[in-house]
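Visitor: Could you walk me through this protein model, one feature at a time?
Guide: Gladly; here it is.

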Amino acid sequence: MKTRQEFDYVIVGAGSAGCVLAARLSQDPKIRVALVEAGGPDDAPEISMPVAFPQLFKTKYDWDFASEPEPGLGNRRIYLPRGKTLGGSSAMNAMIYIRGNSADFDGWADEGAPGWSYREILPSFIRSECNERGDPRYHGHSGPLAVQDSRSMHPLVDQLLEAGANSGYRSNDDFNGASQMGIGRFQLTQRNGVRCSGASAYLHPARERANLEVFTDNLVLRLLLQGDRAIGVSIHRDGQEKTLFSTREIILAAGAYGSPQILMLSGIGPAHELSPFGIPVIVDLPVGTNLQDHPLLPMSYLTDERSLFGAGSSEDMALYKDGRGPLTSNIAEGGVFLSTCGDESVPDCQFEMAPAMYFNEGLSAPSDHAFTMTTTLLKPTSRGKVTLRSARPDAKPRIYHNYLTTVQDRETIIDSVRMAMDIFRQPVLSKLQRQPFSVPASDAKADIVSFMEQQMGTNYHPTCTCAIGRVVDSDLRVFGIEGLRVVDASVMPSVVRGNTNAAVIAIAEKAADILLANEPTEVR
């Protein structure tokens, strides 16, 4: 059975970007908006409770992707969770509010993305944000996205931070202010100790609008093209296929894996990748190339101090209902932005500090009290790609991250591990260590490389597969196709230095401005 429905805008993907766009565009009651999400409602209690997010891995709320064998990591396949629900990955991330470095956005502008410099995107960050503190030159206090200090404030993290300060890292109480460098606690996308996802911030307050229709549990099959114009989206649910037609534009917001897959299934992508699947090539573009992500390496020690292991007592539940306590923990409560080469303003690595055991890519539950510090490579020079596995829309794409396949990336990570081990050796931490749980055997290069190849995973930040200047223009319009844009992490020309959710929300805020500025006056 086929039915037809018509909207001004059809948005594909209800992750952070899609939720922002749906809310902002539907503010005008004359604009009809459809939002299509492959997953279901964001109704799991583990979504709201911050500490519980790893329990969502490999459930119906997770796309449950995996990389192809990684040549830089002993040919292991790396688990790649992505949110499959309203809010997307913001419904299952660690809620760390980091924008990136001002040099990231100025770099975008210098490399051929006019309009995306730090000065030009800062208003989008500020407009999105409802921060409980911070310099108003950098922070917003009335936006939809709640940003606050941790309500957990675990004492093990205080000791990790003290050790970092003793290793020479200067204190920074605002990684999104005048400087990103230094050590401190992260601010979080939470409201009163509860997760504030893209859906809870933007979408849910807009759900009752008559001009906004949300389609959950609908898989996008392909884009419908009429010549060189995108006119609709074919979606599938429960054996029924629907066509959602767009009178103005279709916006892909399906993420750095999903958006390139949908483009390629629709004939927009590298000709040599599409031809083997019998997909007619409409536009030959480097869709899916330039994939960049932040590889993450966790290191843990067992301790006799109380960690998050075993949290969930009746006392903890009572604290949680009051918006505080261990169940409000995002696990990675504090961290460091540092440079392994001595740069004083631009980091190349990030440490995240957790009062918990973290190993096996987050797939194994903690079994003892421990504390963990991870190191993340912020500006990888390795490049990967996303390609099709099948012409079937329900097949998972092939994902090649190529983590640590350049000498520069490997040397930077090795240096960062040595710097992390120096923090672990500080007296404030060494006296807490019962025994090593998951750390390199020594700081010798061979031991670090061996540990890295066995233990490295992802920090869940895939980007750049439909990059500005390569696949889309600076207004995020797909080259060669009318009425089609991409608005999500895939449009980043290069990955930002830090967690990516805040930047994706700002990209979507800026895109909404671009779209509304182009609306006919009789509609606006």
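Guide: First a term: buried means under 20% relative accessible area, exposed over 50%, and partly exposed in between, with a 1.4 Å probe and protein chains only. Helices (H or I, at least four residues) and strands (E, at least two) are DSSP runs, numbered from the N terminus. This is a predicted model, where local features need pLDDT of at least 70, side-chain atom pairs count only at pLDDT 80 or more, and totals for chains, interfaces and linings use all residues. Residues are numbered from 1 along each chain as its sequence is written, and side-chain values use heavy atoms, with hydrogens and water left out.

Visitor: How many residues of helix α7 are buried?
Guide: Helix α7 covers residues 255-265, and the buried ones include Tyr257, Gln261 and Met264. The helix is largely enclosed by the rest of the structure, because the buried residues number 11 of the 11.

Visitor: Is Asn330 buried or exposed?
Guide: Asn330 sits in the loop between α9 (314-321) and β18 (334-338). Leaving out residues up to four places away in sequence, Asn330 touches (heavy atoms within 4.5 Å) Pro50, Phe53, Ala94, Met95, Ile96, Leu188 and Gln190. With a relative accessible area of 0%, Asn330 is buried.

Visitor: Which residue has its backbone oxygen 2.8 Å from a polar atom of the Asn330 side chain?
Guide: We are looking for a backbone partner of this side chain. The oxygen 2.8 Å from a polar atom of the Asn330 side chain belongs to Ala332.

Visitor: How many disulfides are there?
Guide: A disulfide is a pair of cysteine sulfur atoms within 2.5 Å. For Cys19, the nearest cysteine sulfur, that of Cys196, is 11 Å away; for Cys466, the nearest, that of Cys464, is 10 Å away. The count of disulfides is 0.

Visitor: What is the volume of the largest cavity?
Guide: On a 1 Å grid over the protein atoms alone, a cavity is a set of points where a 1.4 Å probe fits but cannot get out, and lining residues have an atom within 4 Å of a point. Grid points are joined across faces, edges and corners, and a volume is the space filled by probe spheres set on the points. The lining of the largest cavity includes His401, Tyr403 and Asp409. Its volume is about 50 Å³.

Key. Polar contact = N/O pair within 3.5 Å; in protein donor to acceptor, adjacent residues only side chain to side chain. 1 Å grid on protein atoms, 1.4 Å probe; cavity = no way out; pocket = protein on both sides within 12 Å on 5 of 7 lines; lining within 4 Å.
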